[in-house]
Amino acid sequence: MKIMAFIAMLAWVCGLAAPVMALDERDDPVWQNKTYVLLYNPSGAPATIRDSDILDAMIAASEAWAPCGVKIEFAGYTKLGLEHDGKNVIGWVPALPGALAHTETRQFRRILTDADIALSASGIRSREWLMAALVHEVGHGIGLVQHSPSRDSILFDDSVSVGTVRPSADDLARCRARYRFR
Ligand SMILES: [Zn+2]
């Protein structure tokens, strides 16, 4: 019973559409300068999550996606909210029904203009979940907007409950294919 509740709670890392079996990513967006700059708004963070946990999660996400050739940069703290303002913000919301986190990307044609990451204060209970969820969400934030059907993918819809903490070889190949432009 307890296990069932645990699985149900972790059904989704984020609330995007159901996985697409054959990904067609030709029109999915990218950052034009291959750099995703993120600010952090600590307002509403759960007591179990320290500022250093966020910094460690940012480093994990940066290292995880570096082999793709995309830079993930931490640009400090902010009071900005999760709005379409051209500033990419990691922030807390009280809850996300059925999800631990959610990334909202905006784009102009194929170029990303804003990608905010909402974290669920009631869903993310530990530093480990935060780290795994942020590597997943940053994947969405760099333009891998679709979930992967592969269970070993960091972009599998419930990668956190599977225990995946870094991109698979396929994830990195998928990312490199998107960022192969000069
Ligand atoms: Zn997701």
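**Reading loops, burial and helix packing in a predicted model**

Colleague: Where is the place of K34 in the chain?

Modeller: K34 sits in the loop that runs between helix 1 (2-9) and strand 1 (35-40), where helices (H or I, at least four residues) and strands (E, at least two) are DSSP runs numbered from the N terminus. Residues are numbered from 1 along each chain as its sequence is written. This is a predicted model, in which local features need pLDDT of at least 70 and side-chain atom pairs count only at pLDDT 80 or more, while totals for chains, interfaces and linings use all residues.

Colleague: What is the phi of K34, which is not a glycine?

Modeller: As a general idea, most residues other than glycine have a negative phi. In this model, K34 has a positive phi of about 60°, and R109, also not a glycine, has a positive phi of about 50°. R109 belongs to the loop between strand 4 (101-108) and strand 5 (111-120).

Colleague: What pattern does the chain follow, read along the sequence?

Modeller: The order is α-β-α-β-β-β-β-α-α-α, which comprises 5 helices and 5 strands. Of the 182 residues in the chain, 41% are buried. Two residues are in contact if their C-beta atoms, placed from the backbone, lie within 7 Å; among contacts between residues at least 6 apart in sequence, 74% join residues at least 24 apart.

Colleague: At what angle do helix 2 and helix 3 pack?

Modeller: In general, two packed helices are described by the angle between their axes and the distance between the axes. The axes are lines fitted to C-alpha atoms, for helices over the stretch in contact, and the angle runs from 0 to 180 degrees between N-to-C directions. Here helix 2 (residues 51-65) and helix 3 (residues 127-141) pack at about 40°, and their axes are 9 Å apart. That makes helix 2 oblique to helix 3, given that angles under 35 degrees count as roughly parallel, over 145 as roughly antiparallel, 65 to 115 as roughly perpendicular and the rest as oblique. Helix 2 passes helix 3 in a right-handed crossing, in the sense that the near helix is turned clockwise from the far one by less than a right angle, with anticlockwise being left-handed.

Colleague: Which residues in helix 2 and helix 3 meet?

Modeller: On the side of helix 2 they are D53, D56, A57, A60, A61, A64 and W65, and these meet R127, L130, M131, L134, V135, V138 and G139 in helix 3. The residues of this contact divide into 10 nonpolar, 1 polar and 3 charged, where Ala, Val, Leu, Ile, Met, Phe, Trp, Tyr, Cys and Pro count as nonpolar, Asp, Glu, Lys and Arg as charged, and the others, Gly among them, as polar. As background to such spacing, an α-helix has 3.6 residues a turn, so residues three or four places apart point the same way.

Colleague: How many residues of helix 3 are buried?

Modeller: The number is 13 of the 15, so helix 3 is largely enclosed by the rest of the structure. Helix 3 is followed by G143, whose phi is positive, near 110°.

Colleague: With which residues is L144 in contact, leaving aside its neighbours within four places in sequence?

Modeller: L144 is in contact with G139, L155, R174 and C175; L144 is located in the loop between helix 3 and helix 4 and counts as buried, with 28 C-beta neighbours inside 10 Å. V162, by comparison, is found in helix 4 (residues 159-162) and is partly exposed, with 16 other C-beta atoms within 10 Å. Not counting residues up to four places away in sequence, V162 touches R151 and F156.

Note on methods
A residue is buried if 20 or more other C-beta atoms lie within 10 Å of its own, exposed if 12 or fewer, and partly exposed in between; C-beta atoms are placed from the backbone.
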